[in-house]
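Thank you for giving me a few minutes today.

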Amino acid sequence: MRTYILKRLLQIVPTVLMITLVVFVMMRSVPGDPVVALLGDGYTEEDAIKVREAYGLNKPILVQYVIWLGKLCQGDWGISILSGRPVLQDVLVRLPVTLELIVLSMGVALVIAIPAAIIGALRQNTWADYTATSVAMIGVSIPEFFIGVLLLLLFSIGLGGLLPSSGWVYLPGTCPMMVCGVSLWGNVQHVLMPAIALGVGRAAILTRLLRTSMLEVIRTEYVTTARAKGLAERPVVFKHALKNALIPTVTVMGLQVGFLIGGAIVVETLFAMPGLGTFGIDAIIGRDYQQVQGFTLITAFAFVVINLIVDLTYTFLDPRIRYA
Amino acid sequence: MADSGESFGMRTRPISGGSTREAELPGVTGVAWPASVERSESPLAQGLRRFRRSATALVGVAIVVALILVALFADVLAPRSPIASDQTRTFQRPSWDYPLGTDQLGRDMLSRVIHGSRISLAVGVSSVLLALFVGVPCGMIAGFYGGRVDTLVMRAMDVILAFPIYLLAIILMVMFTPTAGLIGTMKVTAAIAIVRIPIYARLVRGSVLSIKEKEYIEACHALGVRDPWILLRHVLPNCLAPIIVTTTLGIATSIIVEATLSFLGLGTQPPTPSWGWDLKANVAFIQANAWLSLFPGLAIFVTVLGFNLFGDGLRDALDPRLK
């Protein structure tokens with residue numbers, strides 16, 4: 001097991017390197033030049049050459065990548081061409097917002113999905129099951145931003161501005177800057193709608209998967225045995241059935257991470273949140289090479305690590321699975 | 001030679017995945033299998049019967065058919081031009097003249113929603129087909145030949161899969177530079193197709209790995225049937241069921257991805273009407289004109305729902321094991 005984890009941890013490095021290299025090359029083949037945007041109206045060919053030299057943009061792409069990598073090893077994520085700020089600082093400022101959003105949305109997903117799936121599976125083909133599966137079907141079919149719009153209509157406009165439609169207030173103790181809005185209630189108000197918008201879709205997918213695998217597991221012999229030996233329904237459902245039913249579900253949730261990143265970008269854009277999602281999309285559209293690299297690095301890293309965690313969860317859920 | 005596999009009585013129990021072989025070749029059946037043999041209902045017919053019994057699947061089909069009709073006859077159905085603006089009639093509330101109101105440029109929302117179906121359907125369907133036409137052969141060759149070919153193809157797929165799907169799609173769109181019209185639509189299609197190729201390659205490779213060990217494939221080899229023919233005639237039909245299901249459900253996902261790219265401003269550019277773009281553009285006016293972003297969003301929802309119901313029904317019908 002330990003060698004397996006070590007092997008997987010070592011695999012993270014080449015994967016992240018490959019993703020960042022591919023993005024590096026792709027971004028530099030994008031038409032348009034950040035230098036032109038930076039110089040704006042006062043653009044002259046001489047200034048452009050100077051700026052390119054200052055940022056090392058005149059060197060061959062692979063050389064630029066190696067330089068970027070070398071600096072990264074020293075903890076230097078580079079300096080944004082357009083804003084002039086260190087990329088690492090911006091990433092760190094925005095990371096807590098996105099982390100909170102993603103963690104809470106996964107929480108929303110689990111809180112909805114696990115009871116819905118259990119009820120659906122235990123009371124198969126009753127009205128409760130039909131309701132759960134229909135709602136899940138609807139949830140799978142609504143894009144995050146439309147749920148967001150519906151929530152905006154309901155809570156920001158319909159109920160007289162109960163929840164703010166945009167912006168962000170930090171949790172006490174997490175303010176990464178000199179000055180920022182800090183309040184627990186304000187934070188809850190700001191994160192509620194985005195977390196629900198992002199979580200509902202996940203909840204729907206989770207419900208469908210979990211209900212199907214619960215149905216399979218419940219018909220297995222060891223569940224019948226557990227019931228036959230007089231075990232109460234609760235431990236049968238939670239300890240015997242749910243734990244085993246979670247295995248295929250966890251796999252798919254791991255695959256969903258790629259979609260979750262897209263969802264975070266969209267939801268942060270809709271609610272104008274100062275998170276990594278808006279940071280990334282602004283950087284990509286503005287062709288801010290250094291920021292894009294920073295964004296890619298942290299997303300790729302998160303993506304790979306989460307997939308590793310998913311694989312390791314198997315051994316917890318099913319001790320029969322052993323990684324040699 | 002061509003049908004040697006069957007004429008040697010190699011037809012074993014049909015794969016429960018639902019082979020469509022019989023249905024495609026009605027003329028051959030009489031030759032290959034003596035008419036005296038009582039034939040049970042083909043898997044496809046069984047599947048169709050199961051599909052017809054499912055009310056939700058039929059609702060899905062109805063939605064999909066209606067959408068295709070709307071997209072095909074958009075010019076006839078739309079009361080006005082989707083791109084003609086009328087500065088004197090901006091932000092009209094829904095009325096008889098403008099059933100869904102007008103946007104900030106005075107464009108008729110109903111016409112925009114109707115025309116928007118074209119982009120959604122075109123991108124949704126063609127991106128999946130493109131991914132299918134690249135991914136399926138890749139997966140078949142990788143699975144069938146194994147060895148170095150397999151490693152090479154699947155490593156290439158792993159490179160794409162290593163990316164979070166949206167990150168890759170967004171950067172591809174920035175690379176392609178989004179534009180309006182047909183070219184713009186083709187760019188979005190290509191971007192979505194690229195990120196979805198590995199799904200089909202992996203799916204098909206998995207099926208082929210198990211199918212190629214079956215006796216009837218061995219019989220083909222023994223009879224000297226050439227590889228391309230084995231792949232097309234004997235392997236492909238037996239992995240069709242999961243491909244069909246994944247394709248239908250994949251269209252739903254692709255439509256969401258397209259809408260998301262449009263929402264981020266990276267889809268087909270205006271003036272070409274696109275639901276995602278319309279929704280985003282009108283969110284700015286949501287305070288006073290709530291209905292504007294409501295209708296494009298509803299359109300996306302209904303479309304995706306239609307394909308999801310259709311795909312779910314197909315899955316239950318074609319492959320009960322997957323249920």
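I will go through the two chains, how they meet, and then a few details inside each of them.

A word first on how to read this: it is a predicted model, in which local features need pLDDT of at least 70 and side-chain atom pairs count only at pLDDT 80 or more, while totals for chains, interfaces and linings use all residues. Residues are numbered from 1 along each chain as its sequence is written, chains are lettered from A and ligands numbered from 1 in the order in which they are written, and side-chain values use heavy atoms, with hydrogens and water left out.

Let me start with the interface. If contact is taken as heavy atoms within 4.5 Å, then 42 residues of chain A are in contact with 41 residues of chain B. The size of an interface is often given as the accessible area lost when the parts come together. Chain A and chain B bury about 3,600 Å² between them, with 84% of it on carbon and sulfur atoms; buried area here is the accessible area (1.4 Å probe) that two parts lose on being put together, summed over both. Of the area that chain A buries against chain B, A:Met26, A:Phe145 and A:Phe146 supply 16%, more than any other three residues.

How many salt bridges are there between chain A and chain B? The count is one, where a salt bridge is a side-chain nitrogen of Lys or Arg within 4 Å of a carboxyl oxygen of Asp or Glu. That salt bridge joins A:Arg208 to B:Asp312, with the closest N and O atoms 3.0 Å apart. Several helices of chain A each supply at least two residues of the side that touches chain B, among them helix H1 (2-28), helix H8 (184-218) and helix H12 (289-317); helices (H or I, at least four residues) are DSSP runs, numbered from the N terminus.

Now I turn to chain A by itself. Its domain assignment gives domain 1 (11-73) and domain 2 (87-317), bounds of this kind coming from an automatic or database domain assignment. The C-alpha centres of these two domains of chain A lie 34 Å apart, and the contact takes 17 residues from domain 1 and 14 residues from domain 2. Domain 1 and domain 2 of chain A bury about 1,500 Å² between them, 76% of it on carbon and sulfur atoms, and the count of salt bridges between them is zero. On the domain 1 side that touches domain 2 of chain A, the largest share, nine residues, comes from H1(A).

Is A:Leu101 buried or exposed? This residue, placed in helix H5 (residues 87-122) of chain A, is buried, with a relative accessible area of 0%; buried means under 20% relative accessible area, exposed over 50%, and partly exposed in between (1.4 Å probe, protein chains only). Leaving aside neighbours within four places in sequence, A:Leu101 is in contact with residues including A:Val191, A:Leu198, A:Ala264 and A:Met273.

Finally, chain B. Its domain assignment gives domain 1 (4-33) and domain 2 (44-318), whose C-alpha centres lie 32 Å apart. In helix H4 (residues 43-53) of chain B, the residues B:Pro43, B:Gly47 and B:Phe51 are buried. Seen down the axis of H4(B), these buried residues fall within an arc of 75 degrees, so they line one face of the helix, the arc being that of the directions from the helix axis to the C-beta atoms. The face of H4(B) turned away from that buried side carries the exposed residues B:Arg52 and B:Arg53.
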